[in-house]
Amino acid sequence: MSEQVAGGSETQQRYNPAEIEPKWQARWDADPGLYAADRHDSGRPKFYCLEMLPYPSGQLHMGHVRNYSIGDALARFMWMQGYNVLHPMGWDAFGLPAENAALKNNTPPREWTLSNIAAMRKQMARIGFSYDWANEVTTCLPEYYRWNQWFFLKMFEHGLAYRKKSKVNWCPDCQTVLANEQVINGRCWRHDDTLVEQKDLTQWFLRITQYADELLNGLEKLEGWPEKVRTMQRNWIGRSEGTLVDFALEDAAGAGADQCPAITVFTTRVDTIFGATSIQIAPEHAVAKRFSEQDAVLAGQVDKMIAEQKAARESGDVGAIEKHGVSTGRLAINPFNGERVPIWVANYILADYGSGAIMSVPAHDERDFEFAAKYGLEVRRVIVPDVHGEELPPLPYLDEDASVLMNSGAWSGQSCREAQAAMGKHAKENKFGEPTVTYRLKDWGVSRQRYWGTPIPMVYCRNGHQGVEADGVVALPESALPVLLPEQVEITQQGGSPLGRLAGFVDTTCPVCGGPARRETDTMDTFVDSSWYFYRYTDAKNATAPFDSAKANYWFPIDQYIGGVEHAILHLIYSRFWTKVMRDLGLIENDEPATRLFTQGMVIKDGAKMSKSKGNVVSPDDMIARYGADSTRMYALFAAPPDRDLDWQEEGVAGISRFLGRVYRLTIKYAEQIRGTATGRGKQGAAGQALLRKLHQTIAKITQDFSGRWHFNTCIAAIMELVNTILDHEAAMDSGEVSAATVAEVFRTLTLLLAPFAAFLAAELWEQIGGEGAVFRVAWPVADAELARENEVEIPVQINGKLASVIKLAAGSDEEIIKAAALADPRIQARLEGRTLVKVIVVPAKLVNLVVK
């Protein structure tokens, strides 16, 4: 399967991936069990290798190729290490783009999606990825999404799914609700130029906050995850320990308690409460609304602040809002000292953050200090350094680790930490507060006003029945699943969910009383689909359960998960939550979905991430047509460490293609000799020793990199160095100076080392040299430490820490020999002339440092 060209005295064969690669892909396609994992009860050690599943947009891009090439190389390596490998692929197939395509092309979302899947599956096959397609998962098919509905019912049954009215994020382009995690800098995660709006809607939520502590604490066990991802999740969960304190209200005249409820504040610094000189509440706080009903001027000012907050939220810049407020003319009572403090409405206090109210302590908080300075509010020092006789520090003074209280009643003189515990206890005992923990993490809003998503399996009984009021929520029985998406739907992106306009879908009967009912017309957030898909891979054809627990317990946790860091908050935190819910339902035993997580860098071209909008997308199909799939994949692994951004250069792909051509030429040249040579190793001359030394050094390096750093770029560089060594000794091999057995060992091993990176070429060469079976099912070579040992080593010699010379010595030379050789080196002797040698430091085989004066 190659072209022949005349070259010198012999006929050479030219590497032609356009012939080699389709040949092998056809063979692989004809063997459906080629990449199949053994049964879960096989007794073999398992390795679950997984790349994040793609959205079926219709075309792979080089970012996909890089991601999947990393996983493919690892899967092939682990097969060669003898593991039972599960390496599946599927499609995150619900979502907005399908609806947009339906509008643009008048193509039903299902048809558009399945067509794209077929196209991308064909691309993946042409690139040669080693997926077990028997376990393929497509999330938009009923056999998958019925289990989304089943999980929803289970969560509803256990109080983890509930419905409430709340202020939600609304994308005017998507015409749907977004979870907090899907709002990035005030903009939609899908439309980075679209400002998100705020709306009050009744939505379905999943109670992820019930697992907040476990999600946070579990991060400490995820040592195989990047620290960056763990830090992002810690910050998103946002755990704060503090105290809730109730400030009772007093009317403006001081004549008695107002009818409004007390204002509850959350503070992490209850030790500063004697320094509170005002209370500040959010414009949308219930107390602000009550006061506004009684004061038209205040109402106008509060409405203005609500509008400012809305604009700031939509621009994604709430933190940068110019801070101002207005006094309500009302007072609140500090329960610790009975002091009356003024109540202000402030535009930077958010109703949905904490309790929507703060106590303002200007002396010990920067923001409160600025606010007090602006409005002339009292600044009262109540915390000082725990050092006597020193001048007091300027305000605001924030330290709490080496400080004590002053002007704080019975707690004066206590350390801040001591006082925080004691004052929290005092608040609880006197029933005006309690120690508590708050989280930035909010419950996951999963309702979407879209068509192309999983229908929520709930109905509303129109007349009601015992225990359920009219239009009350009723869960469907499991026997009613799946609730199917209608296929003939008019999509307008206006007027809410398209499902609401389909009487045949909406009108149904109550499963409890048999009376008229209406279906829920919202669909589930598509992140529901991707929160558990990797469990379905273990048992993708199961029609009676999401998966067989025995199979999932064998394969989980995932040994290596690979994807972009942009999923750190969305997919990765949701999937951790889903795993814990499934564990508590008794479906699985593991606490976390993946032991190791790898986040690959982006593919950059012309200084920017590849994207259609920037016009800098490189098609894998074009690269494969010019250079072949092996060259395209190998360049994606070679051009940069996999965790760094890759600056795409087509010349680099051409360079890899030329390198693979050299490998092909050399191997084919000796193929007939290799086929007729038995394994074994006799006495070696210098050339044979040099080849074997480089060969086993390369085995050791690549094996180590696969086991740890994953610097595939240096693995491929090591293979290139090995090929250069082979080229240097080509004449010796031709003359017979290198034994036939050594030549055979070198090329057989070279082919195996290439197998994870250039699967098509490795398969072809393995066949040409007489190898049996699939090359990636052959045992990975083992480095021989004796053969890899250098005969000579180069040792740098420094003078006062600066390089002065390099000496060559026999490997294993002892310290005295190294010292003597360094001092005998002519360049060192010249540099030492007229100077005093104070000390000689020898690090055997590594370094000599001469200390002189």
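Thr632 is found in helix H17 (residues 629–638) of this predicted model, where helices (H or I, at least four residues) and strands (E, at least two) are DSSP runs numbered from the N terminus. Thr632 is buried, with a relative accessible area of 2%; buried denotes under 20% relative accessible area, exposed over 50%, and partly exposed the range in between (1.4 Å probe, protein chains only). The backbone oxygen of Gly628 lies 2.9 Å from a polar atom of the Thr632 side chain. A polar contact is a pair of N or O atoms within 3.5 Å; within protein, one must be able to donate a hydrogen and the other to accept it, and residues adjacent in sequence count only if both atoms are side-chain atoms. Not counting residues up to four places away in sequence, Thr632 touches Met62, Met623, Ile624 and Val653, contact being defined as heavy atoms within 4.5 Å.

Residues are numbered from 1 along each chain as its sequence is written. As the model is predicted, local features need pLDDT of at least 70 and side-chain atom pairs count only at pLDDT 80 or more, while totals for chains, interfaces and linings use all residues; side-chain values use heavy atoms, with hydrogens and water left out.

The mean pLDDT of the chain (the predictor's confidence in each residue, from 0 to 100) is 91, and 95% of the residues reach 70 or more. Over residues 4–11 pLDDT stays under 50, and the model has eight contacts beyond four places in sequence for this stretch. The pLDDT is also below 50 over residues 252–258, a stretch with eight contacts in the model beyond near neighbours in sequence.

The Thr698 side chain reaches the backbone oxygen of Lys694 at 2.7 Å. Ala718, Ile719, Leu722 and Leu753 are touched by Thr698, residues up to four places away in sequence not being counted.

Two buried asparagines were also examined. Asn616 is found in the loop between strand E31 (608–609) and helix H16 (620–627), with a relative accessible area of 4%. A polar atom of the Asn616 side chain lies 3.0 Å from the backbone oxygen of Lys605, and the side chain of Asn616 reaches the backbone oxygen of Lys609 at 3.4 Å. Residues touched by Asn616, not counting those up to four places away in sequence, are Lys605, Asp606, Ala608, Lys609, Met610 and Ser611. Asn616 and Asp606 are 10 residues apart in sequence and 7.2 Å apart in space, C-alpha to C-alpha. Asn67, in helix H2 (residues 62–80), is buried at a relative accessible area of 7%. Leaving aside neighbours within four places in sequence, Asn67 is in contact with Glu51, Met52, Ile562, Gly563 and Gln600. The C-alpha atoms of Asn67 and Gly564 are separated by 8.3 Å, although these residues are 497 residues apart along the chain.

In helix H7 (residues 227–237), the buried residues are Val229, Arg230, Gln233, Trp236 and Ile237. These residues cover an arc of only 125° around the axis, which puts them on the same side of H7; the arc is that of the directions from the helix axis to the C-beta atoms. The buried residues of H7 pack against helix H6 (212–218), helix H15 (570–584) and strand E29 (597–599). Gly238, whose phi is positive, near 60°, follows H7.

Rings of Phe, Tyr and Trp (its six-membered ring) pair if their centres lie within 6.5 Å; planes under 30 degrees apart count as stacked, over 60 as edge-to-face and the rest as tilted. By this rule the count comes to 58 aromatic pairs. The pair of Trp24 and Trp28 is tilted, at 6.4 Å centre to centre and 45° between the planes. Being four residues apart in helix H1 (residues 17–29), Trp24 and Trp28 are separated by about one helical turn, and both are buried. The ring centres of Trp150 and Phe151 are 5.2 Å apart with the planes at 75°, so this pair is edge-to-face. Trp150 is buried, with a relative accessible area of 13%, and Phe151 is buried at 0%. One aromatic cluster includes Trp150 and Phe151 together with, among others, Tyr144, Trp147, Tyr211 and Trp444.
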